[in-house]
Amino acid sequence: MGCIESLPYEVILRGSSFKESRDYVYEHYKEHRDVPPGFKVFDTHIIGVPPIAIGFDGDFVIFPFTKPCHGTFLLRIEDPKEAARLRALK
Amino acid sequence: MIDPTAASQKTAILVLGCPQVPVQTSIALYLAHRLRQAGITPVMAGNRSAVTLLVVADPERRYLGEAIDLDRAIGQISEKKRDFDLCFVFIHNDAGVSYAATMSAISNAKLYAVIYGEHYDTVAASIDFPCTNIAAKAVHNPMPLKKLLDEEAPWAA
């Protein structure tokens, strides 16, 4: 997942459980969508318990990023193209 | 003994969690051994630390075979480039459950959740997708988990 790690991301939640991450997206982003595990965001396959919630805030994409030793991070990355691509999949 | 070179040989992926709980490396090597004995080819998938612990412990690769980066393995399975007959996900935290749920969704393998650690019962209770749980309170001593694994004998299924 080196791709995401090289992007200018903001950490919204650090070391959270997967459920906490999902609930945060539902509660804080009016615009969101559910995707299945393995779904690609920023060229990375998302890990998680379905439904996996991805949020949108203008050109920002908010999504969970899970690492074996650190739990789930909820990240926020500004990328108009990726946001548009994900919105178009609806 | 089954010919390990047979083209129709079964395969298994062992999805390793964070190696901070000592029993993981021991049980992963033991499971690889039992799978090999049964003619099933094991493939280890983990982060660099988890895989390196195994490689250093088995320098002649008597038990290990292929060992690949976890994210690469997830990518290959998600994109339907590769799949396995059996999948064992090592779980001792919430991230492990997330990886198991992901394997449940992207792979056709028969899924086993190998659950251990101080909070094994809480972790096991959080799993609500179809899989076979092999769960024991094992942190430093692998024997409780080994015993359950031997009773389940997934290599014989």
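## Contacts and conventions

Two residues are in contact here if their C-beta atoms, placed from the backbone, lie within 7 Å. By that criterion, and leaving aside its neighbours within four places in sequence, B:C87 is in contact with B:A12, B:I13, B:V15, B:M103, B:S107, B:A109, B:L111 and B:Y112.

The model is predicted, with local features needing pLDDT of at least 70 and side-chain atom pairs counting only at pLDDT 80 or more, while totals for chains, interfaces and linings use all residues. Residues are numbered from 1 along each chain as its sequence is written, and chains are lettered from A and ligands numbered from 1 in the order in which they are written.

## Chain B

Chain B has 6 helices and 6 strands, where helices (H or I, at least four residues) and strands (E, at least two) are DSSP runs numbered from the N terminus. The order of these elements from the N terminus on is β-α-β-α-β-α-β-α-β-α-β-α. The radius of gyration of chain B, taken over C-alpha atoms, is 14 Å, close to the 15 Å that the globule rule (2.2 Å times the number of residues to the power 0.38) gives for 157 residues, so chain B is as compact as a globular protein of that length. Its C-alpha atoms fill a box of roughly 40 × 30 × 30 Å along the principal axes.

Of the 157 residues in chain B, 48% are buried, a residue being buried if 20 or more other C-beta atoms, placed from the backbone, lie within 10 Å of its own. Among the contacts in chain B with a separation of 6 or more, 62% are made by residues 24 or more positions apart.

## The largest nonpolar core

A nonpolar core is a set of buried Ala, Val, Leu, Ile, Met, Phe, Trp, Tyr and Cys residues joined through C-beta atoms within 7 Å. The largest such core has 75 residues, and those with the most contacts inside it are B:L14, B:V15, B:C87, B:F88, B:V89 and B:V114.

## Chain A

In chain A there are 3 helices and 7 strands, running α-β-α-β-β-β-β-β-β-α from the N terminus on. The radius of gyration of chain A is 12 Å, which agrees with the value near 12 Å that a compact globule of 90 residues would have. Buried residues make up 33% of the 90 residues in chain A.

## The interface

Between the chains, 17 residues of chain A are in contact with 19 residues of chain B. On the side of chain A that touches chain B, the elements giving two or more residues are β6 (60–67) and β7 (71–78) of chain A.

Note on methods
Buried ≥ 20, exposed ≤ 12 C-beta atoms within 10 Å, placed from the backbone.
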